[in-house]
Amino acid sequence: MCVVQCSECGQALETGHTFCPACGKKISVNATTVHTQPSRAAVIFTRKIRTLAFCWLAVAAYETWGAYLGYSAITNGSLSSVPEALRWISIASMLAKCIVVPLSIVAAIGLLNLQGWARTVTITVAIIAFPADLLIGSAMGIWTLIVLLNRNNAETLKALTSSGV
């Protein structure tokens, strides 16, 4: 990340300013460019977001298999001996898996690329994943909500998505 600083006082300058907001000096071509490293907290948080993204990709693969098995059970009549209520629960679970799979992939891609919209999509898929799979979906959903709904994490993610780190 590059930051342009005032050559007089060292204040970080935003693009489009003609005068330094700190000392009032006219900004010229003498303003110095300083290359900064992302903070350790930002690096650790980025790793956490990437781990979350890869886990959502794994969930997409797992849920694809579950949706295939559910579809196979419905089409070959394996559910005919199951009570009606359980049959509808199975069908609803399979349909939820069919929604979770593409959303998981989109969420993971967005998180990996630090897109601003990825937080909303990931939170949505986390909520939908609860009924899709009570074990894996619940675990991923809870972990996602803990990570992405935390105010500090949300602000850090917003800063990372806007800076393009």
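Is Leu114 buried, partly exposed or exposed? At 7% relative accessibility, Leu114 counts as buried. Buried here means under 20% relative accessible area, exposed means over 50%, and partly exposed lies in between, with a 1.4 Å probe and protein chains only. Leu114 is found in the loop between α2 and α3. Its phi is near 50°, a positive value in a residue other than glycine.

Ground rules next. This is a predicted model, where local features need pLDDT of at least 70, side-chain atom pairs count only at pLDDT 80 or more, and totals for chains, interfaces and linings use all residues. Residues are numbered from 1 along each chain as its sequence is written, and side-chain values use heavy atoms, with hydrogens and water left out.

Now the overall layout. The protein chain has three strands and five helices. In sequence order the pattern is β-β-β-α-α-α-α-α. These elements are DSSP runs numbered from the N terminus: helices are H or I with at least four residues, strands are E with at least two. The chain has 165 residues, and 33% of them count as buried. Its accessible surface is about 9900 Å², with 64% belonging to carbon and sulfur atoms. That area comes from the Shrake-Rupley method with a 1.4 Å probe; for residues, only the protein chains shown count as cover.

Contacts next. Contact means heavy atoms within 4.5 Å. Take the contacts between residues at least 6 apart in sequence: 60% of them join residues at least 24 apart.

On to the core. A nonpolar core is a set of buried Ala, Val, Leu, Ile, Met, Phe, Trp, Tyr and Cys residues joined through side-chain atoms within 4.5 Å. The largest one has 26 residues, and those touching the most other members are Ile49, Leu52, Trp56, Val100, Leu111, Leu148 and Leu157. Each of α1 (40-75), α2, α3 (118-132), α4 (136-149) and α5 (151-163) supplies at least two residues of this core. Look at Leu111. Beyond its neighbours within four places in sequence, Leu111 is in contact with Ile49, Leu52, Ala53, Ala118 and Thr122.

Two helix pairs now. Axes are lines fitted to C-alpha atoms, for helices over the stretch in contact, and angles run from 0 to 180 degrees between N-to-C directions. For α1 and α4, the axes come within 11 Å and cross at roughly 160°. The pair is therefore roughly antiparallel, a label for angles over 145 degrees. From α1, residues including Ile49, Leu52 and Trp56 meet a set in α4 that includes Met140, Trp143 and Leu148.

For α3 and α4, the axes are 8 Å apart and the packing angle is about 150°. So α3 and α4 are roughly antiparallel to each other as well. On the α3 side, Thr122, Ile123 and Phe130 are among the residues that meet α4, whose partners include Gly141, Leu145 and Leu148.

Setting aside residues up to four places away in sequence, Asn153 touches Phe45, Lys48, Ile146 and Val147.

Last, Cys98. Cys98 lies in helix α2 (residues 84-112). Its relative accessibility is 42%, so Cys98 counts as partly exposed. Ala67 is 31 residues away along the chain, yet the C-alpha atoms of Cys98 and Ala67 are separated by 6.4 Å.

Conventions:
Parallel < 35°, antiparallel > 145°, perpendicular 65-115°, else oblique.
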